[in-house]
Amino acid sequence: MNFPSVDYSWFGNGSVIALIAIVHVVISHGVAIGTIALMVTMEYRAVRTKNAKLDQLAKKIAKWVLIITTTVGAMTGVGIWFSTTVIQPDSIGALLRIFFWAWVAEWAVFITEVVLLIIYYYTWDIWKDGKAKLRHLKLGMVLAFASWLTMAIITGVLAAKLTPGLWSETLSFWNAFVNPTYLPSLGFRMFLAVMLAIALLSFFIRWRVKDTELRGEVFSVFGLWGAISLPATFIFGLWYLWAIPEEAYNMIVWSTGMPENVFKLLNGVAFAILVLFLVWVVVKPKAVPWLLSLVVMGASIGFIGEFEVVRESIRKPFIIYDYMYANGLLAKDREKYDEEGFLTHATWAKEKEVTAENMVEAGREVFIGQCITCHTVDGWRSKRSLTKRMDGWDEEAMKGFIPTMHNVRVAMPPFMGTDEELAALAAYISTELNGQRTNNTQEVSAK
Amino acid sequence: MMFLSTLIAPDNQLPIPANIGLLEVLIVVTFMLHIVFVNFTISLTAGAVGLEAAGMIKKNPIMDKMAQIASFHASIHKSIAVVLGVGPLLMVSVIYTQYFYASTILIGKAWLSVLILLIVAFLLLYLYKFTWDKWQNKKALHLFVGFLAMAILFFVPLIFIVNVVSMLYPEQWATANGFFHSLFHYPQIWQRYLHFMLASLATGGFYFFIYFGYKKRRGATLTPAEQAAKVFGVKVGFWVTVVQLVAGFLLLFSFKKEIRMLYLGEDLLLTSLLVLSIILTIILCACLFTAGQKDSSKAFMASLITFVFIIGVMGWMRHELREAYLQPYLDDNPRTTDYTVIDKGNEK
């Protein structure tokens, strides 16, 4: 609790970041990276085959790429940062310091990308013949490279949170950046981005482009990219899975909130649909069914959302593996807090010491300091809501469970603090749960 | 000072990743780049809405065309303004972690509302621009779209200003209660807002003057609307800058006395910067006045150079102001700057 706190009580603090991040990942991967690659390929094909209609369709796509990436795309990107600053300040504060120069480089590439995209769209009808058109096409290729480069940089940061590798020992930037999952996750993301773009665009192409010849042309571009990207996504995905820590691997199914057979069935069916769709696009590009394209679009958004949720969840209890827990507390501070107290070291805690009079208030401060990043008092996600999770528990039961919960619930960081702070936390949760303290020794059924 | 700094957290245990002096240069430079494009966006949007309304009232197609040009440029500059903003945000987060994070979280919900507000404003700006010709017979609706975007863009700077002012007053954090309360809780906010909005308007006028002046200098023939936009830009730039001289003093007098006196003789650097900024502003006004009288190549170049210098001096002064306010706290709450002092032991 180095900083004040914000409470999105019903929605949940974690859900705020997740919502912004998922929207951003769909746009950054699907639109900014994948669609730009497809769009420039379409322009290339239009130049090679002198197809003016295909060229104008590519331009129309460029307009939407411009509109979407410079509004929702850009603002949700900044938004991940804004929201983590508000909700997980210690974590983002640490990441900015570890990866400062990567972020500076990312910033320079972002500016380049946006400026190129603006020039690319607004010069479409100005640089339209002969050498000027080739210049335009080259500009498009540089733009596609710049948008890929933004991913190549940020992936270093994201991958390091799960597998910091040698960084925990050396604190060296390059050890953190080129970490054990960097290459597999970059490969996985870039090909996934293309697959997502194909899925997003196909539906709109099928819906808005009436000319079947033109539609066939577009789908042959998609077919080529898809034939490379689907197997590549699969191979890089396997490499990625192989490179993550075993504890994290074991949490994948759990983190989706699905029973194992549902998880396998859903992902299996989605994968099969994608394969069927691609075969269709390659074999009969003029006759791709719209319903199939709609299903593929939905499945792809679902898949990338699932991937982000899983990636964010499986590194629990940590937010930076082996260094910082999900609630922003440092692993090395545990002993200190257990002995000297958590609240005495919490700058913004309203209560610094637990007394007989302030049990509930002090417990609330412990809750804000250690639980609120992920948990709510009574929010909509039942897994995160304490009144749902601890319904029926009394204070004694909580006091018995909380100090050892991280052994049973592997996603939970350990409780850090004195016995008095533990009692205060139990008193607070109990008051929220029952409207009163429950510090008698009645029998409870632990759920 | 201890009693004043109880809410200031110890700095992040990981060291600041570069020399502080270098980062201070970077924060000034990156912020100036960002803010100039923010100025363009706000003023060109306001210009578009104002000119479109004036054109409707006076039934003047030239004004409508000028407005359309302004809306086109606004929608481009807003994209650049946003990406440029990432740089100074990174710098301020890294150098002033103990202050900026606290001030941000204190207005956390308003801070996150910036995302929704700007997404809506930017989408409206595209709608405004791309429907200009199509909605010629739906002028009122069209103007309303532009007006909404403008209203949002006028509001958002307040959120940023509250944040960067709040970080200078740690002793007032305990009594602050969210964004709207903070608007009146901290000093300087409204003076800064006035100074910023006037700077935006002047910068937008100046932008028109420079953009079309440059186009003409390259040999292009300006359309009547472009020529009118250039002349209008000079006028706006001149008159707003004159008013700005007054607004600047209002801001100066909103600082606490010890800080204000640094600018009024007690500190050589700050006093020189202030004097320089006033002299440059007067020179700029003179250049713009000359440019308004006749199409002079000298006035064009001189005003461009003066403008760049003014932005530089303003950015520098703004940084020194923050340093002056934070100095006592920085002394009491040292930043982590050295790799060797980290205790990096893991739990394992």
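Helices here are DSSP runs of H or I with at least four residues, strands are E runs of at least two, and both are numbered from the N terminus. Keep in mind that this is a predicted model: local features need pLDDT of at least 70, side-chain atom pairs count only at pLDDT 80 or more, and totals for chains, interfaces and linings use all residues. Residues are numbered from 1 along each chain as its sequence is written, while chains are lettered from A and ligands numbered from 1 in the order in which they are written.

**Stop 1: Ala248(A).** Select residues 246–249, which form helix α10 of chain A, and pick out Ala248(A). Ala248(A) counts as buried because it has 22 C-beta neighbours inside 10 Å. Leaving aside residues up to four places away in sequence, Ala248(A) touches Leu162(A), Ile314(A) and Arg315(A); contact means C-beta atoms, placed from the backbone, within 7 Å.

**Stop 2: helix α5.** Leu162(A) takes you to α5 of chain A, residues 130–162. At 1.5 Å a residue, its 33 residues should span 48 Å, and the end C-alpha atoms are 49 Å apart, which agrees. The expected span is 1.5 Å times one less than the number of residues. Look at Ile154(A), where α5(A) bends by about 25 degrees, the angle between axes fitted to the seven residues ending there and the seven starting there.

**Stop 3: helix α12.** Select residues 260–283 of chain A: this 24-residue helix reaches 34 Å from its first C-alpha to its last, close to the 34 Å expected. Its buried residues are Leu274(A), Phe277(A), Leu278(A) and Val281(A). Show α9 (212–243) and α13 (290–313) of chain A too, as they are among what covers those residues.

**Stop 4: the side facing chain B.** Bring in chain B: 42 residues of chain A are in contact with 43 of chain B. On the chain A side, α2 (52–87), α3 (89–98) and α4 (100–122) each supply at least two residues. The largest share, 13 residues, comes from α2(A).

Notes:
Buried ≥ 20, exposed ≤ 12 C-beta atoms within 10 Å, placed from the backbone. Contact = placed C-beta atoms within 7 Å.
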